[in-house]
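Please keep the sequence and the structure in view while reading.

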Amino acid sequence: MSSSPTFRRLPRAVREQQMLDAAVRVFSRRGYHAASMDEIAELAGISKPMVYAYLGTKEELFVACLHREGTRMLEAIAGAAAPDLPTDERLWRGLRAFFGFVGAHRDGWAVLYRQARGSQPFAGELAAMRTRMVEVVAGMLAHALRADGREVGETDLEVVAYALVGASESLADWLADHPEADPEQTATRMMSVAWLGAAQLLAGTTWPPPEV
């Protein structure tokens, strides 16, 4: 009788998700440069050569983590609200999905918006994801406003979308550090802060600067 351990064979897709789960956890805690493929392999319960065989180098593995977490986040936001909802409710549902993602995937958020931000070439990947998020938010607003019979200038939509995304990212960093905070309540607070001003801008009301 052999005493060597045996490993259950798993479909490739399942095994890859296990590796990505482990990698996200290690990268979020160690950072890209300090993370080791040995630790990732050990946490995933596989050999290091298998990690390389399935997902490539450490850089390629990190990019795969970014893509997976970013796709999960964008899909959660885009699928959160039905198109026939009022503009404010649709946006709130999108915010709730976003903060819900951060609350449920704090390691994924750390990889996306903390570890990737300061490391090249990953900052470019993060910028592309932020652009897609802005496009999702702007598209969500535009669709809802047209359903209300209103047309808003493209620049105003883009400005509001960038402002909402930037403010939400900052608040998400706070949420990630406060596990006791409720993601839905955080979304409602963000909506209260952002929407009152955004609604007026999208309606054509702007603050007139004083004459100097």
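The points below concern helix packing and aromatic ring pairs.

The structure is a predicted model. Two packed helices are described by the angle between their axes and the distance between the axes. A pair of aromatic rings is described by the distance of the centres and the angle of the planes.

**Helix H1 against helix H3**

- Helix H1 spans residues 12–30 and helix H3 spans residues 48–55; the two pack at an angle of about 110°, and their axes are 11 Å apart.
- Because angles of 65 to 115 degrees count as roughly perpendicular, H1 is roughly perpendicular to H3.
- The crossing of these two helices, H1 and H3, is left-handed.
- On the H1 side, the contact is formed by Arg12, Arg15, Glu16, Met19 and Leu20, while H3 contributes Met50, Val51, Ala53, Tyr54 and Leu55.
- Of the residues in the contact of H1 with H3, seven are nonpolar and three are charged, with no polar ones.

**Helix H1 against helix H2**

- H1 also packs with H2, at an angle of about 130° and with the axes 8 Å apart.
- H1 and H2 are therefore oblique to each other.
- The crossing in which H1 passes H2 is right-handed.
- H1 takes part in this contact through Gln18, Met19, Ala22, Ala23, Arg25, Val26, Phe27 and Arg30, and H2 through Glu39, Ile40, Leu43 and Ala44.
- The residues of the contact between H1 and H2 comprise eight nonpolar, one polar and three charged.

**Aromatic ring pairs**

- Eight aromatic pairs are present in the structure.
- One of them joins Tyr32 and Phe122: the ring centres are 4.8 Å apart and the planes lie at 70°, so the pair is edge-to-face.
- This pair links distant parts of the chain, since Tyr32 lies in the loop between H1 and helix H2 (37–44) and Phe122 lies in helix H7 (residues 122–147), 90 residues apart.
- Tyr32 has a relative accessible area of 13% and is therefore buried.
- Phe122 has a relative accessibility of 1%, so Phe122 also counts as buried.
- Phe62 and Phe122 form a tilted pair, because their ring centres are 4.4 Å apart and their planes are at 45°.
- Here too, distant parts of the chain are linked: Phe62 belongs to helix H4 (residues 58–78) and Phe122 to helix H7, 60 residues apart.
- Both members of this pair, Phe62 and Phe122, are buried.
- Ring pairs connect Phe27, Tyr32, Phe62 and Phe122 into a cluster.

Notes
Residues are numbered from 1 along each chain as its sequence is written. This is a predicted model: local features need pLDDT of at least 70, side-chain atom pairs count only at pLDDT 80 or more; totals for chains, interfaces and linings use all residues. Side-chain values use heavy atoms; hydrogens and water are left out. Axes are lines fitted to C-alpha atoms, for helices over the stretch in contact, and angles run from 0 to 180 degrees between N-to-C directions. Helices (H or I, at least four residues) and strands (E, at least two) are DSSP runs, numbered from the N terminus. Angles under 35 degrees count as roughly parallel, over 145 as roughly antiparallel, 65 to 115 as roughly perpendicular and the rest as oblique. A crossing is left-handed if the near helix is turned anticlockwise from the far one by less than a right angle, and right-handed if clockwise. Contact means heavy atoms within 4.5 Å. Ala, Val, Leu, Ile, Met, Phe, Trp, Tyr, Cys and Pro count as nonpolar, Asp, Glu, Lys and Arg as charged, and the others, Gly among them, as polar. Rings of Phe, Tyr and Trp (its six-membered ring) pair if their centres lie within 6.5 Å; planes under 30 degrees apart count as stacked, over 60 as edge-to-face and the rest as tilted. Buried means under 20% relative accessible area, exposed over 50%, partly exposed in between (1.4 Å probe, protein chains only).
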